[in-house]
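Biologist: Before we discuss any term, please bring up the model, and then let me ask what each label rests on.

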Amino acid sequence: MSNSSAPILHLTTAAVLFVLFSAASATDHIVGANKGWNPGINYTLWANNHTFYVGDLISFRYQKTQYNVFEVNKTGYDNCTMEGATGNWSSGKDFIPLNKAMRYYFICGTGGCFNGMKVSVLVHHLPSPPRSSMAVEHSSDGNTTQGGSGLVGVVLGVFLSFWLGLG
């Protein structure tokens, strides 16, 4: 490799690492975890143990010949009907993006809803980013500290500086 192409390779690799770190912030919530989308599971308890943010995914895993997933409104959820259905899936491995901060309602449309196959999740806006990852905060006693969110930036910066031969 020539000396002139090395900086381009390093910058390209750094950009790829940045994209991977950014994409890693979305979470794929697998409904029911290892129990999947099946009758007799307390999905309210499952949902209450998760925090959902805009950009996350909710995934349903089930036998596609037996079950499915419908996104419905609150009335459809409460009554196990297709009322207000805005989406349906039946692949057995459904990945549904949670693109809005709102409450989502999902049910099984093959009758499983009456056996507990329904889940409601509240999706929150993403937390505000720190003022600046490079900002220095001053405590009341005059010491300077850097916020925990800046630690990833510092570690990444040190790694890249050594890797690029700047350190």
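Modeller: The accessible surface of the protein chain comes to about 10600 Å², and carbon and sulfur atoms hold 59% of this area; such areas come from the Shrake-Rupley method with a 1.4 Å probe, and for residues only the protein chains shown count as cover. This is a predicted model, in which local features need pLDDT of at least 70 and side-chain atom pairs count only at pLDDT 80 or more, while totals for chains, interfaces and linings use all residues. Residues are numbered from 1 along each chain as its sequence is written, and side-chain values use heavy atoms, with hydrogens and water left out.

Biologist: What makes Gly76 count as buried or exposed?

Modeller: Buried means under 20% relative accessible area, exposed means over 50%, and partly exposed lies in between (1.4 Å probe, protein chains only). Gly76 has a relative accessible area of 0% and is therefore buried. Across the protein chain, 27% of the 167 residues count as buried.

Biologist: Where is Gly76 placed, and which residues is Gly76 in contact with, leaving aside its neighbours within four places in sequence?

Modeller: Gly76 sits in helix H3 (residues 74-79), where helices (H or I, at least four residues) and strands (E, at least two) are DSSP runs numbered from the N terminus. With neighbours within four places set aside, Gly76 is in contact with Thr81, Glu83 and Ile107, contact meaning heavy atoms within 4.5 Å. The C-alpha atoms of Gly76 and Phe106 are separated by 9.0 Å, although these residues are 30 residues apart along the chain.

Biologist: What is said of the phi of Cys80, and why is Cys80 called buried?

Modeller: Cys80 has a positive phi of about 55 degrees although it is not a glycine. Most residues other than glycine have a negative phi. Cys80 belongs to the loop between H3 and strand S5 (87-89), and Cys80 counts as buried because its relative accessibility is 15%.

Biologist: Why is Ala33 called partly exposed?

Modeller: Ala33 has a relative accessible area of 43%, so the label partly exposed applies. Ala33 lies in the loop between strand S1 (28-30) and helix H2 (43-48), and Ala33 has a positive phi of about 50 degrees without being a glycine.

Biologist: What makes Thr110 and Gly111 partly exposed?

Modeller: Thr110 counts as partly exposed because its relative accessibility is 44%, and Gly111 counts as partly exposed because its value is 32%. Gly111 is in the loop between strand S7 (103-107) and strand S8 (118-124), and Thr110 is found in the loop between S7 and S8. Not counting residues up to four places away in sequence, Thr110 touches Gln66, Tyr67 and Asn68, while its C-alpha atom is 10.0 Å from that of Cys80, 30 residues apart along the chain. Gly111 and Pro39 are 72 residues apart in sequence and 9.7 Å apart in space, C-alpha to C-alpha.

Biologist: How do you know the division of the lining of the second largest pocket into nonpolar, polar and charged residues?

Modeller: Ala, Val, Leu, Ile, Met, Phe, Trp, Tyr, Cys and Pro count as nonpolar, Asp, Glu, Lys and Arg as charged, and the others, Gly among them, as polar. The lining consists of Ser25, Ala26, Thr27, Tyr53, Val54, Gly55, Asp56, Leu126 and Pro127, and these residues divide into five nonpolar, three polar and one charged. As for the term itself, a pocket is an open set of points on a 1 Å grid over the protein atoms alone, where a 1.4 Å probe fits, with protein on both sides within 12 Å along at least five of seven lines, and lining residues have an atom within 4 Å of a point.
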